[in-house]
Amino acid sequence: MRLVLRFIIVGYVLWTGLIEANGYADLNDMDRLSVLDDHRMVKQRSFDESVVSPRKDATVEPIERVNCMPEIDNYLINRTACQESGCIYDRDVDRDHYPPCYLPRRSGYVQKGAAAAGSSITLESLPDVQSRYGDNLSPIEFSAEEMSGSTQNIRISKPGRFEPKLDIPRGVYGTGEQFSVTKSNSTGVFSFKVIRKSTNAVVWDTSIGGMMFADQFIQIAAYIGAKFQYGIGENTQQTLKIKLRQYQTWPMFGRNHPVDSTPVDFIFSNRKNSYGVYPFYVGIEADYKAHGVLILNSNAQEIELAPSPHVIYRTIGGILDLYFFPGPTPEDVIKQYLALVGYPELPPYWSLGFQLSRSGYSDLEEMKTAVANVRNASIPIDVAHADVDYMDMYQDFTIGSNWQKLPEYVQKLHADGMRVTLALDPTIAANSVTFETALYALNTCWVVLQGAGFVEWERMDQVPKTTQSLYQLANNTKKKQIQLLAFYAPVGTNEHLLIALIKIMLGIGRPSVHVAFPDFSTARTTSWWAIEIERFWKKVIYVHIRFSATKVLVTFDGLVLSMNEPANFRTNGKKWIDEFPYHDDLEPLMCPLTGNDSNYDAPPYQTYAVYLYDHKDPLSSKTLCMMGRTSHGPLYDTKSIYSLHETQATSYALSRSSFPSTSRHAGHWLGDNYADWHSLKASIVAIQDLSIFGVPYVGADICGNIGDTSEELCLRWQQLVYPPTTFRNNNDRSSAPQEPSQWSSVAAATRQANLFRYNYLPYLYTYEILICTRLLELMLHISITLLYKVAVVGGTAIRPVFFEFQNDDAALYCSYQFMWGPAILIVPVIEQGAERVYAYLPRNATWYSLRNSDYGTRMSTGFQYVAAPLTQLIPVYVRGGYIVPRQAPGLTTAQSRNNPFEILIALDDDRSRPASGTLFWDDGESLLKDKNYCEWSFSANITPQLTSVTIKRNGPKVPTDIPTLDRIEIFGCRHTPQFESAKLNNQSISITNCSTHDSSKGVITISCEQLLKLNSSDSEMVLTWSHTYVCECFSSFHLLFAVS
């Protein structure tokens, strides 16, 4: 049956592709968008038509069910097993699409007694239907709290249960919208609804039943008041909008597993979890209001989406800690979410430039050659990244024999205005000097501090003696530890520190010996880690118990944190393709999968993080044992926040693994992807998803990390310079070199695209800062207009189209188009061999092209084919009603920052719509608390006789070395300017010889050296000129452009 269905679906997909290719007129715009934007998937439809009617004893319709046996394939479920669980069995249901065994509505908990207003409610388990995965805990507590009139928090818990210890602000962002929570027992069990007060719309309703709360299995199900849903991650999704037409389970448990974007059965997303964990989604309601839901839990978890529509959330530990954000716009939802988990750290200005990386450079000379080839091709580049190859046998804080001149190369790149980042793994070789200094934590004054912590076994009898005995510092020889500490440690050292040394869990990393994994959840470890980074950065003496010393000078500029899920090779003896040959000589880490100690590593329910791997790879696969202990509890509870704790001890960094709030300390890259077209498409979706998750500094490995890329694929990927705020070409040691200079066509396209990106960096920077600024006391670097705004008030820099056009159904379906802030729309080329793209320009806006071939041209709105030859920029448009700051580009951001500024004023047809712009500027690295920044707001005012451009300066410090503003462009202005009448603050100014007017496009260009001095003593400058003709669209009204 399933095989037949697959042939039918594939045939249908091919048929829709044929329709598209022939341009059949019976495909309307929305149908065509559904086909194109969802990667030629089956058009949105319900499968209800093919469902056989359920038996009469089935009390729940197929589309509204809560699966009773989610870990078992539908075709393997039988009546006996189902009914033994107290569930309902439906023999005749279409098992390809619906669960045949499901929970009755009257399953869950009942309220015990009455609750006073504002107090918690005690719930007792209903005995009729119990959890298959352990007895339900009873009683449990339900509580609801409105946080300062905005975010609604609902907790279902039991005292003593694990909760992740997160240092987050738990703030609110008010918009006037609020939720109320109503409780009910109308279905025979306790349920609650979350209701929007302004419209009475229900956004969550748990009357569907099925709530379970066992020790290692927690489940809650709810009808959702959303017709569109976005988010949930980190997974590989083919479309931005999550499909709600079939039952699909998305696991969330970070794995060291390459991101496979190949659609399953040609059409479905690969739901295997990736490197990060984000149990958060945005929903769009029937009236287009937006809300968000976050479930704050760090155990292995999953969300099953179902067609009624409803969600079934499952986790295997902790509590249910739910947060509902009322919006009402998508951007408001993200601001409310960030107010809770924390505003992102703003990256330094240089980090927004192009970065080049490769895993597998044989030596420093090979890296130098690759960087030189890019620079010799006149491609703007800012960052050279050295992967773990620079290390001595892949050991942290060391330099290999073929890389001894790395410090000199770093200094040379710095002199050329470039920066250098280094890779760092959270694995410390068990025989290394670094491990020794970590255990005894000697500082530079020879004072013994409490040693750093590492992930440990729970008990002494669990420690594998054959592995531990190989290493003097971690072996099971208590006498030796006592001798060492007796000599070096102060009198009275606690016995438990000795035992901790012996219990360290050793695994396999990239070094040729076993490794230990730092426990970053303890302050003494993060302090040691920060000291080690600082020591490696500057010329210091490495001090350890043998009293030897090594001088090092590597003034790197940032770190890329990899393998921090954490990743471990050969766990449970299973080999992986990305291992090293010498791993065969190391005894693997074996986790207890059976017996009395297996409750963490083989829990009753292991989630789809295991089941999607055919039940063959347990939770400990490619990582440490779940029973491994940290100061905050077992990895079973804390693995998902391991990288979060690591980033708290690191300055500017990119982290492969992430969790809500990680962006307060680091950016995120999407991990190891493949060099194929599916990965290009999926990266566009993923970057938008991570923006929804509050991670503005994010990007994918350009051209793909695994496999040999093609010239065309790399060219199209390099052209896609707009969505990622981190823009890095990177691939692995087994693949062919792919720096853009490898092909002349790719070099030309990259040069063109990078120059465009560098031109618009002031706009990007300003919005990024507005998201992140409230982290002033925590940030090491603050620096462009999009990023600035993200830093100050939250929100997004790179955003889905529907964030700006949430009432537009077509925009709600857009997966591969996206916005750069509110003003710039990007339409990538994502199909092999394509020379045109099918674009949607939202109808409720005015758009102008920014490509050289049709620069400044007013575009028609709606669906349209747009030419996209290999030799041009991909289609990019500016939106009317906005003023965009720019800067003439250089070959590095350091060069660009010395070039003159520009502003682009795009006029809107809507007379009531204001337009605006902002520029934030600092030195690119200082803290905002140091007040070394300034902000300028731009506005334009057009009357029937006069054009005026106003610039107002705000900020604590006016930079003396800021470049002048030398260029002003205006799109959509159809009058004839009289440049000879120009005045600056009512004083005549000569601009006639440096100004032009293209009447056919309505473009005015003023390009004069030293036109406006942004550090002028005047805090406000007004540039005016008269005009003799105003077209109908601008006559008889006053159009004011104000800050928006």
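Where is Asn-475 found? I looked there to begin, and Asn-475 sits in the loop between helix H8 (465-468) and helix H9 (478-488). I noted that helices (H or I, at least four residues) and strands (E, at least two) are DSSP runs, numbered from the N terminus.

**Ground rules.** I am reading a predicted model, in which local features need pLDDT of at least 70 and side-chain atom pairs count only at pLDDT 80 or more, while totals for chains, interfaces and linings use all residues. Residues are numbered from 1 along each chain as its sequence is written, and side-chain values use heavy atoms, with hydrogens and water left out.

**Asn-475 again.** Is Asn-475 buried or exposed? I found that Asn-475 counts as buried, at 11% relative accessibility. Buried means under 20% relative accessible area, exposed means over 50%, and partly exposed is in between (1.4 Å probe, protein chains only). I also checked Lys-465: its C-alpha is 7.5 Å from that of Asn-475, and the two are 10 residues apart in sequence.

**The whole chain.** I counted 21 helices and 54 strands in the protein chain. Of its 1044 residues, 64% count as buried.

I then found an open sheet of three strands in the order S22-S24-S23, with antiparallel pairing. Strand S22 (428-429) and strand S23 (506-508) are at the edges with a single partner strand each, so one side of each has no neighbour in the sheet. Two strands pair if DSSP finds at least two bridges between them, and two bridges join S22 to strand S24 (residues 514-516). I traced one of them: Ala-429 has Val-515 as its bridge partner in S24.

**Strand S43.** I looked at strand S43 (residues 882-887) next: six of its six residues are buried, so it is largely enclosed by the rest of the structure. Tyr-882, Val-884 and Arg-886 lie on one side, with Ile-883, Pro-885 and Gln-887 on the other. Six bridges join S43 to strand S44 (residues 901-906), antiparallel, and Gln-887 is partnered by Phe-901.

**The cores.** A nonpolar core is a set of buried Ala, Val, Leu, Ile, Met, Phe, Trp, Tyr and Cys residues joined through side-chain atoms within 4.5 Å. I found 265 residues in the largest one, and those touching the most other members include Phe-192, Trp-204 and Phe-280. Helix H15 (residues 677-692) gives the largest share, eight residues. Domain 2 (109-328) and domain 3 (900-1043) both give residues to this core, so it lies between them; the domain bounds come from an automatic or database domain assignment. Leaving out residues up to four places away in sequence, I listed the contacts (heavy atoms within 4.5 Å) of Trp-204; among them are Phe-192, Ile-220, Tyr-281, Val-293 and Phe-324. A second, separate core has 33 residues, including Met-69 and Tyr-89.
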